[in-house]
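Dear colleague,

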Amino acid sequence: MVRLECVPNISEGRRRDVIDACVEAASTTGVRVLDVSSDPDHNRTVLTLLGEGGDLVRAVTALAAAAIERIDVAGHSGVHPFLGALDVAPFVPLEAQQMPAAVDAALRAADELAPLDLPVYLYGEASSTPSRAALADHRRGGLARLGERMASGEWLPDRGPNRLHTTAGAVCVGARPPLIAFNLLLDTDQIAAAKRIASALRESGGGLPGVRALGFFLESRGQAQVSVNLTDCDRTSLLDVVRRADELAAAASVRVVETELVGLAPRRVVPAGGAAALRLPALSDQQILESHL
């Protein structure tokens, strides 16, 4: 039996009753819910699930049904890019050689989600062609623009109807290596500073390899944030990200005052010194993936 991670994201980070109902739906037989991370400014909840591929497919399908019932993306507000009530559902191998099992689970999940009247876009290792592998290409322009791209025939889904669900939008299902979601909090409310730092940090802007980053303003905290996805921990470490962000922040006359780890991280990516080295206010063993295995 091959155990995988699945890290579904739902477009709700404020209503506790909705989040709890979705987590309960995902807690199917054979699946462990390892972590639930919600953020009101992003208006997003990230679940980390562990189980065999078939059990995870059933959990994601149940989660999608619960999200469709409770979340209307037409009225959604939040700083994080989104396309649907169940926004993304990536399947992640615990070891590199398990990637075919992750791809298989992603394809099975896509087949199960389409009958819920959801257009399904495949990305990462599960994508139908290399030109559709990047999640950002599916999200480009946002939800309304995706509807236009579907209507014109420019960007049709891999499964499901060639139109958006009336309340739940669309879903992106993928298979990918482990990804570390990591936020940097600045001592300013100026979103322009966060966007400049994010632009220089990310690989596509000439920054660090394997880094994607966006700058946001968090209204609930009155603070600017650089939200980082680290997709290649072998080429770039979390400590590399913090050190480079410090340099960029100093050039913008601001400081990185604190960091946040969203979800779980493999032990190997946490540097010696742990929380202090990364400027994390706390780092519990429950945030380390191996502690659950």
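Arg 145, Glu 148, Arg 149 and Glu 154 are joined in a network of salt bridges, a salt bridge being a side-chain nitrogen of Lys or Arg within 4 Å of a carboxyl oxygen of Asp or Glu. The structure holds 23 salt bridges. Please bear in mind that this is a predicted model, in which local features need pLDDT of at least 70 and side-chain atom pairs count only at pLDDT 80 or more, while totals for chains, interfaces and linings use all residues. Residues are numbered from 1 along each chain as its sequence is written, and side-chain values use heavy atoms, with hydrogens and water left out.

Three further pairs deserve a description. Asp 104 and Arg 108 form a salt bridge between their side chains, at 3.1 Å from N to O, and both residues belong to helix H3 (residues 99–113), where they sit 4 residues apart, about one turn of the helix. Helices (H or I, at least four residues) and strands (E, at least two) are DSSP runs, numbered from the N terminus. An α-helix has 3.6 residues a turn, so residues three or four places apart point the same way. Asp 104 has a relative accessible area of 38% and is partly exposed, as is Arg 108 at 35%; here buried means under 20% relative accessible area, exposed over 50%, and partly exposed in between, with a 1.4 Å probe and protein chains only.

The side chains of Asp 111 and Arg 159 also meet in a salt bridge, at 2.7 Å from N to O. This pair links distant parts of the chain, with Asp 111 in helix H3 and Arg 159, 48 residues away, in the loop between helix H5 (142–152) and strand E7 (171–175). Asp 111 is partly exposed at 42%, and Arg 159 is partly exposed at 26%.

Turning to helix H1 (residues 16–26), its buried residues are Val 18, Ile 19, Ala 21, Cys 22, Val 23 and Ala 26. These buried residues pack against strand E2 (9–10), strand E3 (32–39), strand E4 (44–52) and helix H2 (53–70), where contact means heavy atoms within 4.5 Å.
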